[in-house]
Amino acid sequence: MFNTLMIVVISYFVYQISQLLHEMGHAVAYRLAYKSKKWRIETGRGKEIFKSKRIRICLSLAEGVCYFDDDYEDWYYKRNLIVFLAGPFVNIILFVSMIPFIYDINHSTDVSSFYRNIVFITFYINFWKAFIGLLPKEYENMKVNQTDGLKLLNIIKAMKNSRKSNNN
């Protein structure tokens, strides 16, 4: 019972932190690509547990979104490619960075279950966040109606169409 509770609690916090870092990846890329400070992040739904000028975190686990203001332009394809790749890239870095720890766990006899749970949960949550985030999919009734993968696919198509029209 305690182990199950520990896994649930660890999963909740790892998911919240991973979601926040994913959205921070978008925000940092936006800041660098557009030289703009006009962004804000929201994660989760329901009761607010943290709020600052740029970040709002809610209690229930749900999607996260990084809002870009004023300076964001659809037609800056290369900049947008960087911005929308940055979130899943953070998740890829997080799950790949767990591999040495997994190796350590598998080759060590004295590893606590708490440490083991954090490592494996961090690996799997970020693996699935990167994988699902890169799938081109559209959603209804959510803050975010498109995955990063669909946004990236649309940017690539727009870049391709822009090149075709420039060549004609």
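Predicted model: local features only at pLDDT ≥ 70, side-chain atom pairs only at ≥ 80, totals over all residues.
Student: How many aromatic pairs does a search of the whole structure find?

Tutor: The search finds 13 aromatic pairs.

Student: Why is the pair of Tyr 30 and Phe 68 called stacked?

Tutor: Two values decide it. The ring centres are 4.4 Å apart, and pairing needs centres within 6.5 Å. The planes stand at 25°, and stacked means under 30 degrees. So the pair is stacked.

Student: What makes this pair a tie between parts of the chain?

Tutor: Tyr 30 lies in helix α1, residues 2-34, and Phe 68 lies in strand β2, residues 55-68. The pair therefore ties together parts that are 38 residues apart in sequence.

Student: How do you know whether Tyr 30 is buried or exposed?

Tutor: Tyr 30 has 0% relative accessibility. Buried means under 20%, so Tyr 30 counts as buried.

Student: And which class does Phe 68 fall into?

Tutor: Phe 68 has a relative accessible area of 17%. The cut-off is under 20%, so Phe 68 is buried.

Student: Why is the pair of Phe 123 and Tyr 124 called edge-to-face?

Tutor: The centres are 5.1 Å apart, with 85° between the planes. Edge-to-face means planes over 60 degrees apart, with centres within 6.5 Å. The pair is edge-to-face.

Student: Which residues do ring pairs link into a cluster?

Tutor: The cluster holds Phe 95, Phe 120, Phe 123, Tyr 124, Phe 127, Trp 128 and Phe 131.

Student: What puts the charged end of Arg 40 over the ring of Tyr 67?

Tutor: Distance is one part of the test. The charged end is 4.2 Å from the ring centre, and the limit is within 6 Å. Arg 79 lies over the face of Tyr 76, at 4.3 Å from the ring centre.

Student: Why does Phe 13 count as partly exposed?

Tutor: Phe 13 is in helix α1. Its relative accessibility is 49%, and exposed means over 50%, so Phe 13 counts as partly exposed. Phe 13 also belongs to a nonpolar surface patch with Leu 5, Val 9, Ile 17 and Leu 21. Together they have about 450 Å² of accessible area.

Student: How do you know how the span of helix α5 compares with the expected one?

Tutor: Helix α5, residues 148-167, has 20 residues. The helix reaches 29 Å from its first C-alpha to its last, close to the expected 28 Å. Its buried residues include Leu 152, Ile 155 and Met 159.

Conventions
Residues numbered from 1 in each chain as written. Heavy atoms only, no water. Helix = DSSP H or I, 4+ residues; strand = E, 2+ residues; numbered from the N terminus. Expected span 1.5 Å × (residues − 1). Buried < 20%, exposed > 50% of the residue type's maximum accessible area, 1.4 Å probe, protein only. Phe/Tyr/Trp six-rings, centres within 6.5 Å; stacked < 30°, edge-to-face > 60°. Lys NZ or Arg CZ within 6 Å of the ring centre and 35° of its normal. Patch = residues over 30% accessible without salt bridge, like charges linked within 9 Å, V, L, I, M, F, W, Y side chains within 5 Å. Areas by Shrake-Rupley, 256 points an atom, 1.4 Å probe, with all protein chains shown as cover. Salt bridge = Lys/Arg side-chain N within 4 Å of Asp/Glu carboxyl O.
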